[in-house]
Amino acid sequence: MTSKRILMGNEAIAFGAMKAGVQIASGYPGTPSTEVMETIASHANKYGIYAEWATNEKVALETAVGAAYSGANTMVTMKQVGLNVASDPLMSLSYIGVKGSLVILVSDDPGPHSSQTEQDTRAFGHFSNIPVLDPSTPQEAYDMTKLAFKLSHEMEIPVILRTTTRVSHGCADVITEDIYPVSRDIEGFVKDPRWTIFPKLTAQRHPWLEELQVRLSDRFSEYFQENSFNSISKGNSKIGIVASGVSYLYAKEAIKDHSETFSLFKVGTVHPFPEKAALEFLGHIKALIVIEELDPYLEEQLLQLIGKHHLDVNVHGKKNGHFPVSGEYNVDVVIDGVNSSLKIINTDVPSLSHSSPAINKENVPPLPIRPPTLCAGCMHRTVFYAFKKAAGKLKAEKINTIFSGDIGCYTLGNAKPLNMVDTCLCMGAGISIAAGLSHTHDYQEGNKAKQVAFIGDSTFFHSGVAAIISAVYNNADITLAVLDNRTTAMTGHQPHPGIGLTATGVSTKIIDIADVLKSCGVDLVETIDADDLGECIDIAKRAMDFEGPSAVVFKGKCVGITKGDGQYVVDEDKCTRCRICVSQLGCPAIFSPSNKPPAIQDNCTGCGLCAQVCPSDAIVLKEDRQ
């Protein structure tokens with residue numbers, strides 16, 4: 001039986017995986033991929049699926065690999081920067097392959113909206129010799145997920161399902177099929193030299209891997225005949241457009257009133273590139289426009305194909321400046337790129353000039369800029385402010401302080417007026433960078449500095465433990481501040497090893513961060529609730545005064561889950577308009593109209609930080625004022 005329902009792209013992927021019989025699912029939360037695992041986990045008990053949040057993407061992939069070696073249908077979820085973390089096992093796995101099936105969901109983030117990079121997973125698939133499917137819609141995401149499991153099992157190789165933000169988070173009607181509980185009848189691990197990678201095995205398997213690319217390309221050509229993942233819409237013109245992913249929808253919208261002007265080729269199976277389908281399309285094309293976000297991946301594949309077969313086709317894309325090489329596309333960007341290409345096509349190919357009118361854009365005003373900020377009442381603001389005050393005391397002792405940040409909500413500590421994040425690279429790097437900076441003291445005569453690294457609780461488990469071990473081992477003079485709000489806040493409050501709950505809500509052992517730090521050899525480890533600013537300042541100063549690795553675990557609530565007690569207001573009779581609460585905290589709940597006392601808005605969560613910094617005691621609980 002089939003049914004139609006409105007699904008987010010990520011939900012459609014999860015339903016496709018469950019329909020395909022996924023038995024083991026592991027991942028690490030990261031926008032825009034998170035909802036895939038959340039959806040599977042919410043249905044896990046119903047369908048007999050094992051689902052988990054792993055400590056990081058490398059562990060998630062290796063867990064799924066072990067299950068796949070046993071013959072299980074497995075899935076791993078992550079965002080594009082998470083693939084960097086998982087790349088070590090992935091590169092070796094492509095040589096070894098799998099026995100069951102393994103689908104790797106990777107969500108790219110053009111823009112970027114919430115990532116350090118705009119890297120393109122299509123290129124990663126090409127680099128690692130792993131097939132990549134690139135859906136354009138939630139329906140295709142559902143269908144391609146099922147195809148990915150089928151391909152993986154058939155070819156005994158992992159398959160990457162690559163989405164982008166607009167596909168992952170876009171909603172549409174999706175036709176789904178009934179899902180049934182999965183079989184627990186897994187073949188089990190069979191000992192075989194194939195599973196132990198050595199240089200000799202790599203040398204033996206590399207030719208197999210290269211030959212597999214040819215077989216996959218042929219297989220994709222068969223799928224081209226069977227479905228619409230790769231499709232051709234022929235117009236009367238010899239101007240062709242090639243697009244993949246959500247860029248195909250932008251292209252389709254951009255030329256909707258000029259469909260006869262162009263022939264349109266949608267590529268869904270991006271690696272291996274479907275050469276036979278592309279050659280069929282190029283057979284009557286004289287000018288080609290390539291529309292794709294991020295890397296010129298399709299453009300390069302087409303240029304190689306055109307050169308290989310000596311085709312007389314001019315290509316217009318990123319490489320000759322018609323389309324942006326970075327950032328997220330939309331219909332207007334595509335219209336600009338097509339019109340730019342048409343100007344050249346009209347000059348170089350006069351016979352096409354009659355069939356290439358310019359496309360008019362609608363004049364739509366830009367959206368207002370809304371910079372991200374720490375939530376009103378976020379415990380991180382208290383910790384940042386405490387270290388800022390403690391650093392001021394060190395400054396009086398002629399000691400500078402450098403603050404290394406990390407990936408999470410607390411990265412927003414770099415914003416004014418806090419200005420408390422001096423470096424930020426990738427997850428876990430804050431500790432290692434602080435350690436590296438600490439070893440430069442001998443080269444900075446008269447410029448003594450204390451290094452402070454901020455890291456969140458989930459990120460600590462993800463990639464902070466190895467970094468702190470290295471810092472201790474190499475005698476780095478750093479202070480680590482662990483911001484423990486007992487959740488993976490930035491991606492939607494997923495659990496982690498410090499919570500005591502698994503992805504499916506099962507109670508489990510709590511891994512105590514302070515105990516981990518002590519076992520790693522950190523001599524000074526303090527734990528404190530982050531609700532008393534004075535105590536936070538004192539403990540921050542004490543940790544920074546300590547010579548060698550020190551750590552403070554600041555515990556508090558994530559206001560996205562639990563609000564504080566009461567709400568604060570400004571007593572205008574006491575307020576001296578010093579504006580300290582405005583100029584030093586940057587809390588979005590505090591509004592400062594000109595020439596008037598600050599006002600606290602309804603989004604106040606009652607943390608009380610503003611009341612603690614007010615020198616006039618003019619900020620009080622609302623109920624006390626009444």
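Predicted model: local features only at pLDDT ≥ 70, side-chain atom pairs only at ≥ 80, totals over all residues.
Residues are numbered from 1 along each chain as its sequence is written, and side-chain values use heavy atoms, with hydrogens and water left out.

Back to Ser101, which sits in strand S5; helices (H or I, at least four residues) and strands (E, at least two) are DSSP runs, numbered from the N terminus. Is Ser101 buried or exposed? Ser101 is buried, at a relative accessible area of 0%. Buried here means under 20% relative accessible area, exposed means over 50%, and partly exposed is in between, using a 1.4 Å probe and protein chains only.

Now to the nonpolar cores. A nonpolar core is a set of buried Ala, Val, Leu, Ile, Met, Phe, Trp, Tyr and Cys residues joined through side-chain atoms within 4.5 Å. The largest one holds 76 residues, and those with the most contacts inside it are Phe387, Phe454, Ile468, Leu480, Leu517, Phe554 and Ile619. Helix H13 (residues 379–396) gives the largest share of this core, nine residues. There is also a second, separate core of 42 residues, which includes Ala68, Tyr69, Val106 and Ala277.

Please look at Phe454 in your viewer. Leaving out neighbours within four places in sequence, its contacts include Val383, Phe384, Phe387, Phe403, Tyr410, Met420, Ala481 and Leu483.

That brings me to the aromatic rings. A pair of aromatic rings is described by the distance of the centres and the angle of the planes. Rings of Phe, Tyr and Trp (its six-membered ring) pair if their centres lie within 6.5 Å; planes under 30 degrees apart count as stacked, over 60 as edge-to-face and the rest as tilted. How many aromatic pairs are there by this rule? The count is eight aromatic pairs.

Take Phe265 and Phe281: the ring centres are 5.2 Å apart and the planes are at 35 degrees, so this pair is tilted. Phe265 is in strand S11 (residues 262–267) and Phe281 is in helix H10 (residues 275–282), so the pair ties together parts 16 residues apart in sequence. Both of these residues, Phe265 and Phe281, are buried.

Then there is Phe387 with Phe554, where the centres are 5.9 Å apart and the planes at 70 degrees, so the pair is edge-to-face. This one links distant parts of the chain, with Phe387 in helix H13 and Phe554 in strand S19 (residues 550–555), 167 residues apart. Phe387 and Phe554 are both buried. Together, Phe384, Phe387, Phe403, Phe454 and Phe554 form one aromatic cluster.

Cys424 is in the loop between strand S15 (400–404) and helix H14 (429–438), and Cys424 is partly exposed, at a relative accessible area of 36%. Its contacts, beyond neighbours within four places in sequence, are Gly405, Asp406, Ile407 and Thr411. The C-alpha atoms of Cys424 and Gln116 are separated by 9.2 Å, although the two residues are 308 apart along the chain.

A few words on the backbone. Most residues other than glycine have a negative phi, and most peptide bonds are trans. Where are the cis bonds I want to show you? One runs from Thr31 to Pro32, with omega near 15 degrees, and Pro32 lies in the loop between strand S2 (24–27) and helix H2 (34–47). Another cis bond joins Gly111 and Pro112, with omega about -20 degrees; Pro112 lies in the loop between strand S5 (101–108) and helix H5 (121–128).

As for phi, Lys398 has a positive value near 65 degrees. Lys398 lies in the loop between H13 and S15 and is exposed, with a relative accessible area of 75%. Arg486 also has a positive phi, about 60 degrees, and Arg486 counts as partly exposed at 39% relative accessibility.

Methods:
Contact = heavy atoms within 4.5 Å.
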